[in-house]
Amino acid sequence: MSKGDFGFSGKPVTDVTIEAIRRGDITLDDVRIHPETLEMQAKVAEANGNPQLAANFRRAAELTSLPDSVVLGYYDALRPGRSTADQLTAIATELSSQGAIKNAELFLQAADVYARRGLTAK
Amino acid sequence: MTPNEPIGRFRFMNEQRVNLDGFATPAPELGLVAFDGPNDPKPSIKISDGRVVELDGKSESDFDAIDEFIARHGLDLNLAPEAMAIDSLEFARMLVNPNDSRKDIVRLAAGMTPAKLAEVLSRLTAAELVIAMTKMRARRTPSNQAHVTNRSDDPLLLAADAATAAAFGFRELETTVPVAGDAPSNAVAVSIGAAVGAAGVLVQCSVEEAAELALGMRGLVSYAETVSLYGTEQIFIDGDDTPWSKAFLTSAYASRGIKMRVTSGGGSEALMGGAEQCSMFYLEARCVALARAIGSQGVQNGGIDAASVAGAVPGGVRSMMAENVMVMLRNLEACTGNDALMSESDVRRTSRTHPIFIGGSDFINSGFGSIQRYDNMFGPSQWNAEDIDDFLAMQRDWGVDGGLRTADETEVARLRKRATDAVTAVYSHLGLGDFSQTWADQAVDAAGSKDVTAGDLMLPLNAARTIMETNVTMLDVISALAENGFDLEAERCLNMLKARVVGDYLQTSAIFDEEMNVLSLVTDPNEYSGPGTGYQPTAKRQAEIDNIRQQKSVEDLRNEQKIFASQNLRVRGSAEISYDPRDVVIGVSPATGREIWMTLSGLSVTDVIGELMAGLEEEGCVGRIVRINDSLDLGMIGLTAARLSGSGISVGLQAKGTALIHRRDLAPLANLELYSVAPTITRELYRMLGINAGRHAKGATPEPVRNPYSDEAIEARYHTKVVSLVAIERNCVTNASPETLEVV
């Protein structure tokens, strides 16, 4: 097995067929990207002169295991005036505990900058 | 003229369409200036212990959120000292020097601050920007994106128009909604239509950030673009985001394997009243640096929604193109504006697009309105359905690949039918709604939503609600397609889902070709290094560019003439010299009555001859029709005829309708009267020509005749036909002596 051969669920992408979909055997997790694939794409981005794109793919890899609603909730928490610095720090802790270290760093940095620039919840 | 009224010349000029556009006196304090705003900083960077402590003249403690994010994430700090030390003009020259590779340039640009790149790009002239774009864009193969929307979110029309756009070659389709709640229905309809039209067409539905991501997570769209960035902190916050929330959003898309790019564009901060006395271009430089910093693979910019603001100031159009090149310098995908209509003038809007069109970008338009202007729910685009044939002709004129191709009418009709059938089947299967046959028939035929009168305006909203409430995903759509016999479309939709698992289309500038190969910075890198390098269309692609549906061959015109062929012009025998002073010879060209029967004005050759004969008769002369077989030159035809003529006067007539009066003692190329613009000659004028020839024969004074006036591009309309008709005439030239004809 190499990159992109299996979905987030671990099901080989070759098993994702029209027939399987019609049988109801396929879920969105079967056609969702696997974190290892994102890591591989990060290496490709690095090799093509874009470490920031690579960093994005690595943050993304951490988010693959979070449910859609949680991801959308975290996004909302980062919008201006939505969270106090403490709340952002708390999310960072939550993310760290789930192994999402890079996203945790992003939230910690946001907590710091938002406090300084008045972007936290009043 | 009243005292306060301008003189006629200016009244006339004021009425021209360009004067509907607003032109602003630069107001730097409002950000109404393209380059060099009063608050634009000088480029600088200070790094201490691997940390940026000064960026473009601002020290760390004064960093706003945008500075902060760029400083912490966006720059290659190892390279920065070297890159920032390069003279800006020197670096600008590298952008147009074929010997400096794109790779080296993007490597150095990664160490340059926003102000530095703004300074570099402000040094390029328009022509240099074209070269820089040709060289610096990430993907070798250019492409294009279409808007597919309509006023009523009509799913059938959306699907038919999406299939049509795909048939015309667009590789990304962007839809949006006049009614926010309709979005899921639009996403489904356009995705189905795209799959009907071609394989590998990417689809997005532009709505509020979180809602757009939710559609992507369900697989209902395959990329996102309207993730907006702004160049000042205040306007960024007004847009209800921060660099951190945008960075997170960017990762959220990637975490679901969905391609995305951000949107920015000069003038938006001035438009929103928060430019902080900076130039549009400098603020855009911040946006582009931030786009790279947050890890977006690409940027849609070049004015965009504020294109008219940028277009209103001196150099504004150049700055919009420079914005695009800046994206390329940051090694990102460039979706190059030419989106919102920035002028009422066809000349100005073409001028704004043309350098980008010939330079070539990842997407020439970040939204070519593939539908009519009135149906574009983003507002009219710079290019619209009204202009598709113009765009195709421009591609052909310059041999340029602007991403479009000619679509066959019967094929488009078939695709539109199939698209509406597929949507009807899927909506019914999933309980989203039922369409009447009349509605479907109207959607297939419609040139726009005004042609669809049988639609149910509530259906899209109900369908959208059901999609959300019953959690319909692309898997359900695929299943419904397959259940109803749309196997090809089911397969194509499935392949778009599988592409998310593989992730190759997350890389910079990725699109799919129709065999589902990814073309991107990685797989199809632009390595332009001067003439003979870089993108060259394949022979197949060149043929698509060249063979527009309107082109006609000599053979086509020969066949067209055959439709009008008749037997009413007969040969009576060889033509002799006459000594009758009333005799006026009408000399006709070799193809007359053989291969050419219809003149360019739409009168038949025999009708023209009839008018000439009648005119001569009015003056008491007798016309004699003689075909001159040994020359197609009208002067020689006329002169030869005049030498046979008893009066010494002749009328010369080419079968295409050009006519003159000649006299036997004149030089071949001289004449007494000439009707040179055949397409505009009327029956009355031919009659007048006959009358005047008669008067010349009698030695009376002819009435002066003027060629009819026209401000139309008569030559553009007819010159290609003329070339073919002349070729047909040439084929009929023989050594045979003149022969008398009669109309029967």
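A cavity is a set of points, on a 1 Å grid over the protein atoms alone, where a 1.4 Å probe fits but cannot get out, and its lining residues have an atom within 4 Å of a point. This is a predicted model, in which local features need pLDDT of at least 70 and side-chain atom pairs count only at pLDDT 80 or more, while totals for chains, interfaces and linings use all residues. Residues are numbered from 1 along each chain as its sequence is written, chains are lettered from A in the order in which they are written, and side-chain values use heavy atoms, with hydrogens and water left out.

**The largest cavity**

- By this rule there are 4 cavities of 30 Å³ or more, and the largest has a volume of about 160 Å³; a volume is the space filled by probe spheres set on the grid points, which are joined across faces, edges and corners.
- The largest cavity is lined by 16 residues, and B:Ser191, B:Val201, B:Ser222, B:Cys493 and B:Met496 lie nearest its centre.
- Two elements of chain B, α9 (183–197) and α23 (487–502), each give two or more residues to this lining. Helices (H or I, at least four residues) and strands (E, at least two) are DSSP runs, numbered from the N terminus.
- With 5 residues, α23(B) gives the most to the lining of the largest cavity.
- This lining has 10 nonpolar, 4 polar and 2 charged residues. Here Ala, Val, Leu, Ile, Met, Phe, Trp, Tyr, Cys and Pro count as nonpolar, Asp, Glu, Lys and Arg as charged, and the others, Gly among them, as polar.

**The second largest cavity**

- The second largest cavity has a volume of about 70 Å³.
- Among the residues that line it are A:Leu53, A:Asn56 and A:Phe57, along with B:Thr250, B:Ala254 and B:Leu506.
- α3(A) gives the most to this lining, with 3 residues.
- By class, the lining of the second largest cavity divides into 6 nonpolar, 5 polar and 1 charged.

**A look at B:Arg349**

- B:Arg349 is found in helix α17 (residues 346–359) of chain B.
- Is B:Arg349 buried or exposed? B:Arg349 is buried, with a relative accessible area of 5% (buried means under 20%, exposed over 50% and partly exposed in between, with a 1.4 Å probe and protein chains only).
- The side chain of B:Arg349 makes a polar contact with the side chain of B:Asp387 (3.0 Å). A polar atom of the B:Arg349 side chain also lies 2.8 Å from the backbone oxygen of B:Gln382. A polar contact is a pair of N or O atoms within 3.5 Å; within protein, one must be able to donate a hydrogen and the other to accept it, and residues adjacent in sequence count only if both atoms are side-chain atoms.

Terms used. On a 1 Å grid over the protein atoms alone, a cavity is a set of points where a 1.4 Å probe fits but cannot get out, and a pocket is an open set with protein on both sides within 12 Å along at least five of seven lines; lining residues have an atom within 4 Å of a point.
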